[in-house]
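Biologist: Could we go through this structure together? I would like to begin with the backbone and then turn to the side chains.

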Amino acid sequence: MKCICLMMKFGPMILIVGCGQCTSWKESSPPLCQEVAVLALTGSCTFLEDMMTKATAIEDGTYIWEKITNFEGKPPTPRDKLSCWVYKDRLIYFGGYGCRRHNELQDCFDVHDASWEEQIFWGWHNDVHVFDTKTQSWFQPEIKGGVPPQPRAAHACAVLGSKGYVFGGRVLQTRMNDLHYLNLDTWTWSGRIPINGENPKHRSWHTLTPIADDKLFLFGGLSADNIPLSDGWIHNVVTNHWKQLTYLPKTRPRLWHTACLGKENEIMVFGGSKDDLLSLDTGHCNDLLIFQTQPYSLLRSCLDCIGKNAIILESQISLLPPKLLQQVLKKITFWTAASHREEQRAQKEETENKYQWISNN
């Protein structure tokens with residue numbers, strides 16, 4: 001079974017970046033190959049070394065994998081828990097935990113463990129590698145200035161304009177809460193960005209999502225003391241200020257999850273785990289968490305109101321214009337299903353409370 005380490009949206013494609021046959025999820029575990037997969041939502045696309053391109057025919061639901069070996073340049077050394085910025089037809093990779101041979105050791109690599117017999121070293125990276133999707137080639141850009149982040153893994157990244165941001169991650173035996181950016185045009189690092197006010201906790205296995213031209217949303221992860229986190233923060237890159245969202249549920253921690261921005265600027269979080277994976281794993285999460293970062297539009301609010309009150313408005317709904325009626329019917333279906341699920345949950349809770357009362361008496 002292959003472990004997916006990273007998922008990114010790239011134009012009409014979803015890019016699934018994995019560590020191939022790696023069988024362990026630990027932050028310091030050794031990945032065993034270099035492999036990337038692309039799920040094309042429209043048409044087809046090509047890929048890299050030990051890379052796979054998935055062409056889809058949405059009409060009939062057919063999916064076909066192709067292994068692409070025809071590319072130029074040298075790919076990164078094997079690694080996992082890396083990050084990827086998508087910028088100008090390029091996939092730009094940073095960091096990760098992986099292995100190098102003795103003759104491949106460089107300043108961009110912090111050694112964690114070694115097999116002296118085989119001359120293989122395991123550790124964290126802070127190098128940058130680029131795959132150009134137009135020329136089908138790998139290259140390593142020359143970093144022209146600034147202080148790069150320490151080598152790390154299980155960090156999070158996001159792109160705002162021409163800047164690729166990096167937050168936190170595992171560094172040696174600790175976790176970080178530092179913020180950096182790489183200018184993806186000039187290849188210069190910002191150095192650690194000074195923050196005005198309070199900082200989020202140190203963490204790894206979190207997500208960082210762009211939600212506006214000047215704002216990033218940070219969610220979840222695993223803290224420096226191995227506690228799963230459920231906090232959310234918004235960072236303003238103009239004022240360099242973090243603001244915690246105090247209304248998020250504290251009983252829904254997530255780490256090793258994915259997150260993306262919805263049409264109404266809501267953050268959708270899916271998958272991952274709610275446990276400290278270093279000591280406990282009760283299974284992956286399959287529920288969808290949705291966080292609002294700003295009020296919904298007037299149209300969305302009206303559609304929700306009609307959907308929740310469809311019985312009261314039944315005689316008037318049919319008078320709506322066809323296009324609007326279609327949206328309303330979808331909302332009615334959604335809220336009817338949501339109401340049914342809530343009733344089932346309430347009934348189950350009532351039954352459990354009744355049995356508990358009987359057993360206690």
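Biologist: Where is the place of Q136?

Modeller: This is a predicted model, and in it Q136 sits in the loop between β10 and β11. The residue has a positive phi of about 55° although it is not a glycine.

Biologist: Is Q136 buried or exposed?

Modeller: Q136 counts as buried, because its relative accessibility is 13% and the cut-off for buried is under 20%.

Biologist: And what is phi of W205?

Modeller: Phi of W205 is near 60°, again a positive value in a residue other than glycine. Most residues other than glycine have a negative phi. W205 belongs to the loop between β16 (203-204) and β17 (207-212), and with a relative accessible area of 4% it is buried.

Biologist: Let us step back. How many helices and strands does the secondary structure of the protein chain come to?

Modeller: The chain has three helices and 23 strands. Of its 361 residues, 46% are buried. Among contacts with a separation of 6 or more, 49% are between residues 24 or more positions apart.

Biologist: Turning to the strands, in which sense do β19 and β20 pair?

Modeller: Strand β19 (residues 228-236) and strand β20 (residues 241-245) pair in the antiparallel sense, over five bridges. Their hairpin has four residues between the strands, and N240 takes a positive phi there, near 55°.

Biologist: Which residue in β20 does H235 stand opposite?

Modeller: H235, which is in strand β19, stands opposite W242 in β20. At 0% relative accessibility, H235 counts as buried.

Biologist: What is H235 in contact with, leaving aside its neighbours within four places in sequence?

Modeller: With those neighbours left aside, the contacts of H235 are L179, I195, D214, K215, L216, N240, H241 and W242.

Biologist: Now the charged side chains. How many salt bridges does the structure hold?

Modeller: There are 17 salt bridges in the structure. Side chains of opposite charge can pair when their charged atoms come close. One of the bridges is between D89 and K134, where the closest N and O atoms are 3.3 Å apart.

Biologist: Which parts does that pair tie together?

Modeller: D89 is in the loop between β7 (83-87) and β8 (90-101), whereas K134 is in the loop between β10 (120-132) and β11 (137-139), so the bridge ties together parts that are 45 residues apart in sequence. Q136, discussed above, is also in the loop between β10 and β11.

Biologist: What of K274 and D275?

Modeller: Their side chains meet in a salt bridge at 3.8 Å, N to O. K274 is partly exposed, with a relative accessible area of 40%, while D275 is buried, at 7%.

Biologist: And which residue does D304 meet in a salt bridge?

Modeller: The partner of D304 is K331, at 3.2 Å from N to O. D304 lies in helix α1 and K331 in helix α3 (residues 322-360), so this bridge ties together parts that are 27 residues apart in sequence. Both D304 and K331 are buried; for D304, the relative accessibility is 10%.

Biologist: What else surrounds D304, its neighbours within four places in sequence left aside?

Modeller: Leaving those neighbours aside, D304 is in contact with K331 and W335. D304 and K331 also belong to a network of salt bridges that links them with E266 and R300. Helix α1, where D304 lies, covers residues 298-308.

Biologist: Finally, the surface. Which residues form a nonpolar patch?

Modeller: F270, L288 and I290 form such a patch, with about 280 Å² of accessible area together. I290 is in strand β23 (residues 288-292), and at 45% relative accessibility it counts as partly exposed.

Notes: Residues numbered from 1 in each chain as written. Predicted model: local features only at pLDDT ≥ 70, side-chain atom pairs only at ≥ 80, totals over all residues. Heavy atoms only, no water. Helix = DSSP H or I, 4+ residues; strand = E, 2+ residues; numbered from the N terminus. Buried < 20%, exposed > 50% of the residue type's maximum accessible area, 1.4 Å probe, protein only. Contact = heavy atoms within 4.5 Å. Pairing = 2+ DSSP bridges. Salt bridge = Lys/Arg side-chain N within 4 Å of Asp/Glu carboxyl O. Patch = residues over 30% accessible without salt bridge, like charges linked within 9 Å, V, L, I, M, F, W, Y side chains within 5 Å. Areas by Shrake-Rupley, 256 points an atom, 1.4 Å probe, with all protein chains shown as cover.
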